Amino acid sequence: MPDTTSRSNQPRSSTALLFALILAAGTALGGALIAGAIRDARHFDQAVEVRGLAEQVVKSDQASWQLGFTTFGADAAGANKAWAEKVAALEAQLRAAGFADSEIRRQPLSLFDSYGNGGNLPPANQRFRANGGVLVETADVDKVDQASRATDAFVAAGVVLDNSYVRYFFTDLNRIKPAMLKAATANAREAADTFAKDSGVKVGGIKSATQGLFSISSPVSDYDAESSLMKKVRVVTRVQFFIE
């Protein structure tokens with residue numbers, strides 16, 4: 001009789017082999033796609049972090065001018081009266097310089113009895129000492145700058161100042177923030193481009209960005225930041241760029 005068993009097994013073996021080859025090819029192709037996706041993901045995740053700096057010199061928009069002086073008297077009433085006369089003369093001089101009453105505010109008065117402290121005692125007509133002054137607060141910073149340099153006018157009016165201290169402030173930060181952040185980001189990209197050029201890669205889009213704090217100081221030195229009419233505004237941003 002013919003051997004029918006071997007004939008029937010031959011098609012099955014061929015079919016199984018074909019399925020095995022298709023499965024192997026599919027597995028290899030799938031593995032290649034997964035490996036490529038992993039490489040692309042790793043490549044996409046590569047980034048460089050740089051810092052961007054922006055600085056701008058601006059003019060102060062608010063001023064605070066403190067003027068103080070001292071008067072004496074044989075008693076508290078005498079010292080207080082002398083102080084009232086001096087402060088009135090000081091206020092009149094400030095008005096003559098162009099300041100409005102709403103910009104001038106009297107500071108609290110302090111009275112001292114020198115005889116109560118012992119030590120070297122002053123003459124009897126200077127037993128009591130009164131300390132005080134006025135505070136000028138205004139947005140007219142140029143007027144303060146000019147008047148504070150002409151303290152001889154106060155001397156001519158009979159007021160000898162113990163102190164004359166001016167502080168300037170810049171309060172309009174929100175107006176310049178957007179432009180400064182844009183400039184800081186552009187500066188960061190320049191730094192990233194330099195890195196990319198040296199490394200043989202290309203800078204892509206922004207992955208993340210962190211805004212630093214804005215600082216306001218003197219354009220010349222941080223030690224005279226308050227007394228400087230001009231201010232230097234500075235911000236540093238931290239930006240991560242994708243590397244392509």
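This is a predicted model: local features need pLDDT of at least 70, side-chain atom pairs count only at pLDDT 80 or more; totals for chains, interfaces and linings use all residues.
**Entry 1, the cores.** I began with the nonpolar cores and found that the largest has 23 residues, with Trp-65, Leu-90, Leu-94 and Phe-99 making the most contacts inside it. I then looked up where its residues come from: strand S2 (62-73), helix H2 (76-96), strand S5 (128-138), helix H3 (141-147) and strand S6 (163-169) each supply at least two. The largest share, 5 residues, comes from H2. I also noted a second, separate core of 10 residues, which includes Val-58, Ala-184, Phe-214 and Val-235. As background I wrote down that nonpolar side chains tend to be buried together in soluble globular proteins.

Which residues is Phe-99 in contact with, once its neighbours within four places in sequence are left aside? I listed Trp-65, Leu-94, Ile-104, Val-136, Thr-138, Lys-143, Val-144 and Ala-147. One of these, Lys-143, lies over the face of the Phe-99 ring, at 5.6 Å from the ring centre.

**Entry 3, aromatic pairs.** My search of the whole structure for aromatic pairs returned 3. Are the two residues buried or exposed? Phe-69 has a relative accessible area of 2% and is therefore buried, and Trp-83, at 6% relative accessibility, counts as buried too.

**Entry 4, helix H2.** I turned next to H2, which has 21 residues and reaches 30 Å from its first C-alpha to its last, close to the 30 Å expected at 1.5 Å a residue. Its buried residues are Ala-79, Ala-82, Trp-83, Val-87, Leu-90, Glu-91 and Leu-94. Beside that list I set a reminder that an α-helix has 3.6 residues a turn, so residues three or four places apart point the same way. I then asked what the buried residues of H2 pack against, and the elements I found were S2, strand S3 (104-106), strand S4 (110-113), S5 and helix H4 (152-156). Lastly, I checked what comes after the helix and noted that H2 is followed by Gly-98, whose phi is positive, near 110 degrees.

Note on methods: Residues are numbered from 1 along each chain as its sequence is written. Side-chain values use heavy atoms; hydrogens and water are left out. A nonpolar core is a set of buried Ala, Val, Leu, Ile, Met, Phe, Trp, Tyr and Cys residues joined through side-chain atoms within 4.5 Å. Buried means under 20% relative accessible area, exposed over 50%, partly exposed in between (1.4 Å probe, protein chains only). Contact means heavy atoms within 4.5 Å. Rings of Phe, Tyr and Trp (its six-membered ring) pair if their centres lie within 6.5 Å; planes under 30 degrees apart count as stacked, over 60 as edge-to-face and the rest as tilted. A charge sits over a ring if NZ of Lys or CZ of Arg is within 6 Å of the ring centre and within 35 degrees of the ring normal. The expected span of a helix is 1.5 Å times one less than its number of residues.
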